[in-house]
Amino acid sequence: GAESAIGAKSTPLGYNRAYVRAGRDPTLPAFLQAWREGRNFVTNGPMVFLSTESGRQPGDTIDLPPSGGKVVFRVRAVSDQPLRSVELVANGLVRARADLSTSQREAELAFSIDVKEGTWVAARCTAEDRLLSDQELGMYSEQGGLPASPTRLRFAHTSPIYITVGTKKPRVAASVDEAEKMLEAFKRFAQKRADGQYLAEILDVLPEHIP
């Protein structure tokens with residue numbers, strides 16, 4: 001899935017993408033449902049894949065007993081540009097990093113986590129874009145009115161695999177706070193930039209407590 005996010009991004013159509021695990025030849029509703037369930041990763045460059053030793057992937061849930069247990073995660077990153085980092089993140093904290101050479105374009109990481117509480121686990125990676133010249137990269141500095149300067153950093157991030165321990169599901173206060181800040185910013189953006197015919201629909205799906 002790819003959009004131009006007109007009004008928010010100055011990058012070309014398809015520059016930011018989401019790859020969705022929706023099975024072979026899915027219908028559009030099935031594709032969208034898989035996306036809603038978090039069976040995807042987002043990227044503007046490298047590809048990143050997350051799985052467990054038992055075959056679970058982003059969007060899936062692992063149920064552990066109240067005592068918890070160990071879960072082995074595997075991360076694979078592939079890029080047509082040099083990779084800069086490959087990481088495994090649990091509840092917002094980096095739990096493992098891959099050691100990379102300066103020219104490496106593919107990497108794998110395996111790491112065992114001792115899980116004692118509800119946890120979400122995701123994978124992420126970064127790469128350095130060397131495709132554009134400095135002049136070509138500079139063309140984006142004034143487009144779209146964005147405050148940030150263009151960068152050669154490219155990234156990919158998976159949706160989480162969720163782990164429930166007993167009856168305790170993942171709920172990390174810092175993650176919830178960050179998500180609410182993002183929703184607040186999105187609401188302000190929508191109120192300022194969204195077309196009137198879509199604004200009511202957007203505001204309807206946002207939580208009532210978001211100011």
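## Helix 3 and helix 4

Helix 3 goes past helix 4 in a left-handed crossing. Keep in mind as you look around that this is a predicted model.

How do you describe a pair like this? Two packed helices are described by the angle between their axes and the distance between those axes. Here, the axes of helix 3 (residues 173-193) and helix 4 (residues 196-205) come within 10 Å and cross at roughly 165 degrees. Angles over 145 degrees count as roughly antiparallel, so that is the label for helix 3 and helix 4.

## A nonpolar patch on the surface

Now hop over to Leu28, Leu32 and Trp35. These residues form a nonpolar patch on the surface, and together they have about 280 Å² of accessible area.

Take Leu32, which sits in helix 1 (residues 28-36). Is Leu32 buried or exposed, or partly exposed? With a relative accessible area of 33%, Leu32 is partly exposed.

## Two residues with positive phi

Most residues other than glycine have a negative phi. Asp25 isn't a glycine, yet its phi is positive, at about 50 degrees. You'll find Asp25 in the loop between strand 2 (16-20) and helix 1. Its relative accessibility is 70%, so Asp25 counts as exposed.

Asn91 also isn't a glycine, and its phi is positive, near 50 degrees. Look for Asn91 in the loop between strand 7 (83-90) and strand 8 (93-97). Is Asn91 buried or exposed? Buried means under 20% relative accessible area, and Asn91 has 16%, so Asn91 is buried.

Terms used. Residues are numbered from 1 along each chain as its sequence is written. This is a predicted model: local features need pLDDT of at least 70, side-chain atom pairs count only at pLDDT 80 or more; totals for chains, interfaces and linings use all residues. Side-chain values use heavy atoms; hydrogens and water are left out. Patches are made of residues with over 30% relative accessible area and no salt bridge: like charges are joined within 9 Å, nonpolar side chains (Val, Leu, Ile, Met, Phe, Trp, Tyr) within 5 Å. Accessible areas come from the Shrake-Rupley method with a 1.4 Å probe; for residues, only the protein chains shown count as cover. A salt bridge is a side-chain nitrogen of Lys or Arg within 4 Å of a carboxyl oxygen of Asp or Glu. Helices (H or I, at least four residues) and strands (E, at least two) are DSSP runs, numbered from the N terminus. Buried means under 20% relative accessible area, exposed over 50%, partly exposed in between (1.4 Å probe, protein chains only). Axes are lines fitted to C-alpha atoms, for helices over the stretch in contact, and angles run from 0 to 180 degrees between N-to-C directions. Angles under 35 degrees count as roughly parallel, over 145 as roughly antiparallel, 65 to 115 as roughly perpendicular and the rest as oblique. A crossing is left-handed if the near helix is turned anticlockwise from the far one by less than a right angle, and right-handed if clockwise.
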